[in-house]
Amino acid sequence: MLKKVKKDIWSGRTDHLEDRTSFRYHQVIELEKMEALQSMVETCIIIGFESEEGVRRNKGQLGAAKAPDALRSELAKLPWRLAADKHLADIGTIECVGNDLEKAQQQLGEAVNSVLSKKMIPIILGGGHETAYGHYLGVRENIGKEAKLGIINIDAHFDLRPYDEQTSSGTMFRQILEQDENSSYFVLGIQRYGNTQELFNRADELNVQYILEENMHDGQMDQVKTEIEKFIQAHDWIMLTLCTDVLNAAFAPGVSAPSPFGLDPSIVRAIIKTVTSHEKVLSFDISEVNPILDENNRTVKLGAYLTNEAITSFLGGRKYDTST
């Protein structure tokens, strides 16, 4: 069930009440109920996913459940640089009640499917990275079982752990790959020493495509973008997920598993813009921002800026596939 967002979360400086060139996010956001949404092209829909149950099961540091509203508060302050025919709405937050992660993920999937069915673009604010599985459920339901789905994950970790006992924020992509033969997985930013050899072996067994963090710095990005383009072209549809622990801890201390050798924000920004510029890309989620562990709101603000990059790229211009 979607919990309505409090209006005061979407607030900020107002430079002008009528001149749209002076507007910020809080002046264009529409707070709507799902059933009231009217199908409009060029529209992004924000959905919060208030969950850290997957992180708890994965023995991580808690606090990510507070991220959706924290991210909204920072997005609210940013300038809105898009034309009047581009729209943004917030339909509320799905809350993981108690330990029932699976139900919450199913509810998120239903919300994502509903948004996609209206030809709009879901922007999901997690939550732990278990957010990605609910995100996937909605995308798969919308595109059908036979469509070739490519999942692009910007992450330091494979998240391919066993789920025999229970699922978590470390199992999602193994769940998907073992249960869905028409899905493929490409992860960018993998830490050589952030994953065991068993996880590298499992990635190879499951035909996971990946690029190590050490191969994603200045001077290497043209090749990275070429690999992204190839992956996108090989699939019917793409979903994009960002785990913020991929970022260098100097820029993003407020995550469950900070990484001293993580990616520079400019690299992550470039990947987001490259991926979301394609019409095959349906949706985006950001996960693992942890306001409780943050320093001076640095990670929350960076997360909001990266989410803004996705929204403006989705709405500001798309590359169209001309290969078919």
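This is a predicted model: local features need pLDDT of at least 70, side-chain atom pairs count only at pLDDT 80 or more; totals for chains, interfaces and linings use all residues.
## Helices α4 and α5

Helix α4 covers residues 101-117, and helix α5 covers residues 131-143. The two pack at an angle of about 45°, and their axes lie 7 Å apart. Because of this angle, α4 counts as oblique to α5. The crossing in which α4 passes α5 is right-handed.

On the α4 side, the contact is made by Q105, Q106, L108, G109, V112, N113, L116 and S117. On the α5 side, T131, Y133, G134, H135, L137, G138, V139, E141 and N142 take part. By class, the residues of this contact divide into ten polar, six nonpolar and one charged.

## Helices α5 and α6

Helix α5 also packs with helix α6, which spans residues 172-179. The axes of α5 and α6 come within 8 Å of each other and cross at roughly 30°. With an angle under 35 degrees counting as roughly parallel, α5 is therefore roughly parallel to α6.

From α5, the residues A132, Y133 and Y136 meet M172, F173, Q175, I176 and Q179 of α6. This contact has six nonpolar residues and two polar residues, and no charged residues. Y133 of α5 takes part in the contact with α6 and also in the contact with α4.

## Helices α8 and α9

Helix α8 (residues 221-233) packs with helix α9 (residues 265-276) at an angle of about 30°. Their axes are 11 Å apart. The angle is the reason why α8 is described as roughly parallel to α9. The crossing of these two helices is right-handed.

Helix α8 contributes M221, K225, I228, E229 and I232 to the contact. Helix α9 contributes I267, A270, I271, T274 and V275. Classed by side chain, the contact of α8 with α9 has seven nonpolar residues, two charged residues and one polar residue.

## Backbone features in loops

A cis peptide bond joins G126 and G127, with omega about 20°. G127 is placed in the loop between β5 (121-126) and α5.

E288 is found in the loop between β10, which covers 281-287, and α10, which covers 298-316.

Technical notes
Residues are numbered from 1 along each chain as its sequence is written. Side-chain values use heavy atoms; hydrogens and water are left out. Axes are lines fitted to C-alpha atoms, for helices over the stretch in contact, and angles run from 0 to 180 degrees between N-to-C directions. Helices (H or I, at least four residues) and strands (E, at least two) are DSSP runs, numbered from the N terminus. Angles under 35 degrees count as roughly parallel, over 145 as roughly antiparallel, 65 to 115 as roughly perpendicular and the rest as oblique. A crossing is left-handed if the near helix is turned anticlockwise from the far one by less than a right angle, and right-handed if clockwise. Contact means heavy atoms within 4.5 Å. Ala, Val, Leu, Ile, Met, Phe, Trp, Tyr, Cys and Pro count as nonpolar, Asp, Glu, Lys and Arg as charged, and the others, Gly among them, as polar.
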